[in-house]
Amino acid sequence: NRSELWGIFVARYNPTSNEFLFGTGPYSLANHYSEINVNPIRVNTDSQLGFLLPHSSILLLFVFIGLFGTAMLLITLIFKLRKLKQINYEAFLLLFFATFNLIKSDSILYFSSVFTILFLLNIDKHQIILKE
């Protein structure tokens with residue numbers, strides 16, 4: 001139930017102006033969890049809430065690196081995708097779908113996903129996938 005998790009995230013996210021613009025750094029999840037006391041059991045099903053992040057890499061980036069960092073990262077990614085589309089369309093599709101999956105899930109927390117994206121971002125530099 002993502003809507004419940006998004007609601008909890010919005011209720012807990014109370015940044016200062018510097019945190020909003022520049023983020024709090026990657027080791028700030030403990031602060032995010034300790035600011036507001038939330039009942040650990042769902043009201044309608046009596047099941048445990050578990051991990052309370054809304055499963056969104058964009059929101060995690062927003063917490064970690066702020067508005068400026070997230071905007072710069074997205075702008076860089078868009079320019080990189082446009083450049084790769086002109087060089088190698090198959091590599092562009094691969095990077096586009098991997099990036100879309102990274103954005104819609106919380107897989108930015110996992111090394112394998114981040115490593116895959118970084119590898120795909122550097123395909124055009126190393127010519128690993130050759131265009132015929």
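1. The largest nonpolar core holds ten residues in all: Leu77, Leu81, Leu84, Ala91, Phe92, Leu95, Leu102, Ile117, Leu120 and Leu121. H4, H5 and H6 are the elements that give two or more residues to this core. H5 supplies the largest share, four residues. A nonpolar core here is a set of buried Ala, Val, Leu, Ile, Met, Phe, Trp, Tyr and Cys residues joined through side-chain atoms within 4.5 Å. Buried means under 20% relative accessible area, exposed over 50%, and partly exposed in between, with a 1.4 Å probe and protein chains only.

2. On the basis of the note: this is a predicted model, in which local features need pLDDT of at least 70, side-chain atom pairs count only at pLDDT 80 or more, and totals for chains, interfaces and linings use all residues. Residues are numbered from 1 along each chain as its sequence is written, and side-chain values use heavy atoms, with hydrogens and water left out.

3. Leu95 belongs to the largest core. Leaving aside neighbours within four places in sequence, Leu95 is in contact with Leu81, Leu84, Ile117, Leu120 and Leu121. Contact means heavy atoms within 4.5 Å. Another core lies apart from the largest one; it has seven residues, among them Phe9, Tyr13, Phe62 and Val63.

4. Overall architecture. The protein has seven helices and zero strands. From the N terminus on, the elements run α-α-α-α-α-α-α. Helices (H or I, at least four residues) and strands (E, at least two) are DSSP runs, numbered from the N terminus. Of the 132 residues, 33% are buried. Among contacts with a separation of 6 or more, 67% join residues 24 or more positions apart.

5. Helix H1 spans residues 2-12, and Leu5, Ile8, Phe9 and Arg12 are buried in it. Seen down the axis of H1, these buried residues fall within an arc of 100°, so they line one face of the helix. The arc is that of the directions from the helix axis to the C-beta atoms. Ser3 and Val10 are exposed, on the face of H1 turned away from its buried side.

6. The largest pocket holds about 320 Å³ of space. Its lining has 16 residues, of which Leu73, Leu77, Leu102, Ile117 and Leu121 lie nearest the centre. Helices H4 (57-87), H5 (89-104) and H6 (111-121) are the elements that give two or more residues to the lining. H4 gives the largest share, eight residues. By class, the lining has twelve nonpolar, three polar and one charged residues.

7. Pocket terms. On a 1 Å grid over the protein atoms alone, a pocket is an open set of points where a 1.4 Å probe fits, with protein on both sides within 12 Å along at least five of seven lines; lining residues have an atom within 4 Å of a point. The volume is the space filled by probe spheres set on the points. Asp, Glu, Lys and Arg count as charged; Ala, Val, Leu, Ile, Met, Phe, Trp, Tyr, Cys and Pro as nonpolar; the others, Gly among them, as polar.

8. Leu61 sits in helix H4. At 13% relative accessibility, Leu61 counts as buried. Beyond neighbours within four places in sequence, Leu61 is in contact with Gly66, Thr70, Leu73 and Ile108. The C-alpha atoms of Leu61 and Leu73 are 9.3 Å apart, with the two residues twelve apart along the chain.

9. Thr99 is in helix H5. Thr99 is buried, with a relative accessible area of 6%. Not counting residues up to four places away in sequence, Thr99 touches Leu77 and Ile117. From Thr99 to Leu81, 18 residues apart along the chain, the C-alpha separation is 9.8 Å.
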